[in-house]
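Thanks for coming, everyone. Let me put the model on the screen, and then we will walk through it piece by piece.

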Amino acid sequence: MGGEEPVPPGIDITKPNIARVYDAFLDGKDNFAADRAVVELTLQIVPDAAAGAKANRAFLRRVVRYLAGQAGIGQFLDIGSGLPSKGNVHEIAHELSPAARVTYIDSDPVVLRHAQALLADAPTVRVVTADVRRPAEILGSAEVRELIDFGRPVGMLMLAILHHIREEDDPAGIVARFREAAAPGSYLAISSFRMPGPEHPQDAARTLEVQELFNAKLGTGLWREHEEILQWFGDWELLGPGLVPLPEWRPDSTGRATRDSTYYGFVGGVARKP
Ligand SMILES: C[S@@+](CC[C@H](N)C(=O)[O-])C[C@H]1O[C@@H](n2cnc3c(N)ncnc32)[C@H](O)[C@@H]1O
């Protein structure tokens, strides 16, 4: 496990961190004891919590396949990309569109370190350390613009990141800046924690407990209302089936998805700029 790896300089492994906790939920190896402790505590409240992280990766795969294939998107900006995991955006995109360019953005320097090793020989892929709360810096960055041409349609991915942005940091305003900068024909994919409605009282109660735990341990994690998340797409055309529980977004098979405890608490959707 990650605890046996040499600790990179400047990284405090005694404190859990979003990217590594998520990695631990995905059975990755780039995490430490403090991160795994948060996973353990979460599992005490929601024993099948890892299903949510896995459903999010499956959503990512289906979205990127759709964008690189049917939608003909040749450049991707993956904001809050996380640690490299099975089925990274560039790997999925390149299966369908070998020349696709991908720029990963994450504020966590550990992501850069891991990704650089993976991408040493990938000229069409970049990793940039930047904070989504400063969209102007990202949009104006020479490093970002090396691969991403905002004059042409771009696939913008904001998966499992906006629920880590607090209200005072204006998530709606941040997403709006990215939407404004994108050319017509661009796509925006979002996945986010969502507060389950009163029709699922048990899920809602457990969600509140996990929200409290995440905020105590990670200082972040917000399950927002459906309408709030929907507004992040602005006036873009929301593709069918809309903003839905992750397994319901264009599933690969016709089989009915298992309704695990995270099912109603994690949604995703994709929209296109007219
Ligand atoms: C749960 S992971 C999601 C990874 C990937 N997008 C996915 O859906 O599989 C969230 C990522 O957002 C990053 N993140 C959190 N706050 C951020 C910020 N303000 N700016 C940029 N990245 C941020 C974290 O470092 C973490 O890697």
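Start with helix H1, residues 18-25. Six of its eight residues are buried, so H1 is largely enclosed by the rest of the structure. Buried here means under 20% relative accessible area, exposed means over 50%, and partly exposed is in between, with a 1.4 Å probe and protein chains only. Helices are DSSP runs of H or I with at least four residues, strands are runs of E with at least two, and both are numbered from the N terminus.

Before I go on, the ground rules. This is a predicted model, where local features need pLDDT of at least 70 and side-chain atom pairs count only at pLDDT 80 or more, while totals for chains, interfaces and linings use all residues. Residues are numbered from 1 along each chain as its sequence is written, and side-chain values use heavy atoms, with hydrogens and water left out.

Back to H1. Which residues of H1 are buried? They are Ala-19, Arg-20, Val-21, Asp-23, Ala-24 and Phe-25. And what covers them? The cover includes helix H2 (33-45), helix H3 (50-68), helix H5 (109-118) and helix H9 (201-217). Cover is counted by contact, meaning heavy atoms within 4.5 Å.

At the N-terminal end, Asn-17 is the cap: one of its side-chain oxygens lies 3.1 Å from the backbone nitrogen of Ala-19. That is a polar contact, defined as a pair of N or O atoms within 3.5 Å; within protein, one must be able to donate a hydrogen and the other to accept it, and residues adjacent in sequence count only if both atoms are side-chain atoms. After H1 comes Asp-27, with a positive phi near 65°. Asp-27 is not a glycine, yet it has that positive phi. It sits in the loop between H1 and H2. Asp-27 is exposed, at 58% relative accessible area.

Leaving out residues up to four places away in sequence, Thr-42 touches Phe-25, Ala-49, Val-210, Leu-213 and Phe-214.

On to a loop. Ser-85 lies between strand S1 (75-79) and helix H4 (89-96). Beyond four places in sequence, Ser-85 touches Leu-26, Arg-57 and Glu-91. Between Ser-85 and Asp-30 there are 55 residues in sequence, and 9.6 Å in space, C-alpha to C-alpha.

Another loop, between strand S4 (155-159) and helix H8 (171-181), holds Ala-160. Ala-160 is not a glycine either, but its phi is positive, about 55°. At 18% relative accessibility, Ala-160 counts as buried. Leu-162 is in the loop between S4 and H8 too. Is Leu-162 buried or exposed? Buried, with a relative accessible area of 0%. Its contacts beyond four places in sequence are Val-175, Ile-190, Arg-224 and Trp-232. The C-alpha atoms of Leu-162 and Ser-191 are 8.0 Å apart, with a separation of 29 residues along the chain.

Now H9, which contains Asn-215. At 33% relative accessibility, Asn-215 counts as partly exposed. A polar atom of its side chain lies 2.7 Å from the backbone oxygen of Gln-211. Asn-215 touches Thr-220 and Gly-221, not counting residues up to four places away in sequence.

From Gly-240 to Pro-241 it is cis, with omega near 5°. Pro-241 is in the loop between strand S6 (237-238) and strand S7 (244-245).

Last, the whole chain. It has ten helices and eight strands. The radius of gyration is 18 Å, close to the 19 Å that the globule rule gives for 274 residues, so the chain is as compact as a globular protein of that length. That radius is taken over C-alpha atoms, and the rule is 2.2 Å times the number of residues to the power 0.38. Of the 274 residues, 55% count as buried. Among contacts with a separation of 6 or more, 73% join residues 24 or more positions apart.
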